[in-house]
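Thanks, everyone, for making the time.

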Amino acid sequence: MADMKLAVIGAAGRMGQTLIRTVKELPGCTVAGAIEVPGSIALGQDAGLLAGAGKLTVRITDDLAAIVDHIDGVLDFSIPAASVRNAGIAAGARLVHVIGTTGFSADDEAKIAAAAKRTAIVKAGNMSLGVNLLVALTRTVAAALDEDFDIEILEMHHKHKVDAPSGTALMLGRAAAEGRGITLEGHSVRSRDGQTGERERGSIGFAALRGGAVVGDHTVMFASETERIEITHRATDRGLFARGAVKAALWAKGKPPGLYSMADVLGL
């Protein structure tokens, strides 16, 4: 079977370079496209050389639509506006689209869901096996404990991250809400400052820390008057997200149109 031809969005960024190295290393796929924003100083450069993966003879371009006839899928860890635009292009060409971008608005989510009616999209706030297990555990623990246990979600990322709470933290919050049989939208508390009053029973709190080069730490706390349960995942190498994304693309190849998650990919 021929290798799956993948294009990497944001090829000059840290995650993009990691994706390029990962695609080159893993069997069953090959780098066939590399995309950057218009005006990037990386345009025209060999994507492999820039990523430290050796020469690939794949030049970085700013036009995904121009290469759709030469690729099978797109790996997209960019920004919401770009991912939404890419979803439309990928859907039009029936390409697998793996989205690791976070920070989408409700309107963005609706547009991606519409694109998924025409092609297979795997979208996840986190591509890690460990994090997706953490999501499943959070749902189970939340279902087992009543509102005597307050739920707090703490996350920390590097200083360059632009959205908060992280997509992973929101995944965990939704899992906790599902376990409790409630909606996250109606129970989440995103910030506390000044005279906030007592914590509202049944709420799900979030705290976001930013600093240094932290790849991603997430902890879900279940705290009662007498005990506390904490479940934690720490990522030490963003390569794990890249491997998860490539695994998702290979899994989605040949799948019918639909909006899939990493839970689907991992059989969770």
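I will take the sheet, then the charged pairs, then the aromatic pair, and finish with an aspartate.

Please keep in mind throughout that this is a predicted model.

Let me begin with the open sheet of five strands, whose order is β8-β9-β7-β10-β11 and whose pairing is mixed. At the edges stand β8, residues 188-189, and β11, and because each has a single partner strand, one side of each is left without a neighbour in the sheet.

Turning to charges, the count comes to twelve salt bridges. In one of them, Arg-139 and Glu-178 bring their closest N and O atoms to 2.8 Å; since Arg-139 belongs to helix α5 (residues 129-144) and Glu-178 to helix α6 (residues 167-180), the pair ties together parts that are 39 residues apart in sequence. Arg-139 is partly exposed at 32% relative accessible area, and Glu-178 is partly exposed at 47%.

Another salt bridge joins Arg-201 to Glu-147, with the closest N and O atoms 3.4 Å apart. This pair links distant parts of the chain, 54 residues apart, with Arg-201 in the loop between β8 and β9 and Glu-147 in the loop between α5 and β7. Here Arg-201 is exposed, at 51%, whereas Glu-147 is partly exposed, at 31%.

As for aromatic rings, the structure holds one aromatic pair. The ring centres of Trp-251 and Tyr-260 are 5.1 Å apart and the planes lie at 80 degrees, so the pair is edge-to-face. Trp-251 is partly exposed at 22% relative accessible area, while Tyr-260, at 15%, counts as buried.

Finally, what is the nearest side chain of opposite charge to Asp-46, which is buried yet has no salt bridge? That side chain is Arg-59, at 4.9 Å, and the cut-off for a salt bridge is 4 Å. Asp-46 sits in the loop between β2 (29-35) and α2 (47-51), and its side chain reaches the backbone nitrogen of Gly-48 at 2.9 Å. Its contacts beyond four places in sequence include Lys-55, Thr-57 and Arg-59.

Methods:
Residues numbered from 1 in each chain as written. Predicted model: local features only at pLDDT ≥ 70, side-chain atom pairs only at ≥ 80, totals over all residues. Heavy atoms only, no water. Helix = DSSP H or I, 4+ residues; strand = E, 2+ residues; numbered from the N terminus. Buried < 20%, exposed > 50% of the residue type's maximum accessible area, 1.4 Å probe, protein only. Lys, Arg positive; Asp, Glu negative; His and termini not counted. Polar contact = N/O pair within 3.5 Å; in protein donor to acceptor, adjacent residues only side chain to side chain. Contact = heavy atoms within 4.5 Å. Pairing = 2+ DSSP bridges. Phe/Tyr/Trp six-rings, centres within 6.5 Å; stacked < 30°, edge-to-face > 60°.
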